[in-house]
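I opened the notebook to look up a few features of this model. The entries follow in the order I checked them.

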Amino acid sequence: MAKTIFQKIIDGEIPADIVHEDDQCVAFRDANPQAPTHILIVPRTPIPSLDDITDEDEPLIGHLFTVARDVAADEGLDTGYRTVFNCGADGGQSVDHLHLHLLGGRQLDWPPG
Ligand code: 5GP
């Protein structure tokens, strides 16, 4: 299967503004930010979407959230933030490599569009 744009970022083949990396994931700023802080937290394992996770991925999914919490603190998002997994066409997913959005730095609307 062809590498996704996120796999190319993880593999260092194309540049990104990386704010965190560890053995399980890489977090970098979204190229088209929807809020003053918009970061994508991406597992190194190329899982296509939330629909594709397995029971064995539960620790990894939890890790993505603890990274989101820590990056939010690093970014000074002291008054709140949002985490989102878009899944599939109706969910608005455009890159088929699982990623957790971290958004903050402004009042976020609810419900989302
Ligand atoms: P999705 O729509 O799949 O939930 O989110 C994909 C996100 O990836 C979008 O917010 C989009 O702006 C971002 N994105 C797409 N291509 C690139 C890229 O090459 N670099 C970075 N940093 N972000 C990207």
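Which element gives the most to the lining of the largest pocket? I looked this up and found H1, with 3 residues. I note at the start that the model is predicted.

**Pocket.** I read off a volume of about 760 Å³ for the largest pocket. I found 31 residues in its lining, and Gln34, His38, Asn86, His101 and Leu103 lie nearest the centre. I then listed the elements that give two or more residues to this lining: H1, S2, S3, S4, H3 and S5. Sorted by class, the lining has 14 nonpolar, 11 polar and 6 charged residues.

**Cores.** I looked up the largest nonpolar core next and found 17 residues in it. The residues with the most contacts inside this core are Ile39, Ile41, Leu64, Phe85, Leu98, Leu100 and Leu102. I traced where the core comes from: strand S2 (25-29), strand S3 (37-43), helix H2 (58-74) and strand S5 (100-104) each supply at least two residues. H2 provides the largest share, 7 residues. I also noted another core, apart from this one, with 8 residues, including Ile9, Val26, Val42 and Val95.

I took Ile41 and listed its contacts, leaving aside neighbours within four places in sequence. I found Cys25, Val26, Ala27, Leu64, Val67, Ala68, Leu98, His99, Leu100 and Leu102.

**Aromatic pairs.** I searched the whole structure and found 2 aromatic pairs. I logged both Phe6 and Phe28 as buried.

For Phe65 and Phe85 the ring centres are 5.8 Å apart and the planes at 85°, so this pair is edge-to-face. I placed Phe65 in helix H2 and Phe85 in the loop between strand S4 (81-84) and helix H3 (88-91), 20 residues apart.

Is Phe65 buried or partly exposed? I recorded a relative accessible area of 36% for Phe65, so I put it down as partly exposed. Phe85 has a relative accessible area of 18%, so I put this residue down as buried, the cut-off being under 20%.

I located Pro111 in the segment after S5.

Notes: Residues numbered from 1 in each chain as written. Predicted model: local features only at pLDDT ≥ 70, side-chain atom pairs only at ≥ 80, totals over all residues. Heavy atoms only, no water. Core = buried A, V, L, I, M, F, W, Y, C linked by side-chain atoms within 4.5 Å. Buried < 20%, exposed > 50% of the residue type's maximum accessible area, 1.4 Å probe, protein only. Helix = DSSP H or I, 4+ residues; strand = E, 2+ residues; numbered from the N terminus. Contact = heavy atoms within 4.5 Å. Phe/Tyr/Trp six-rings, centres within 6.5 Å; stacked < 30°, edge-to-face > 60°. 1 Å grid on protein atoms, 1.4 Å probe; cavity = no way out; pocket = protein on both sides within 12 Å on 5 of 7 lines; lining within 4 Å. Points joined across faces, edges and corners; volume = space filled by probe spheres on them. Nonpolar A, V, L, I, M, F, W, Y, C, P; charged D, E, K, R; others polar.
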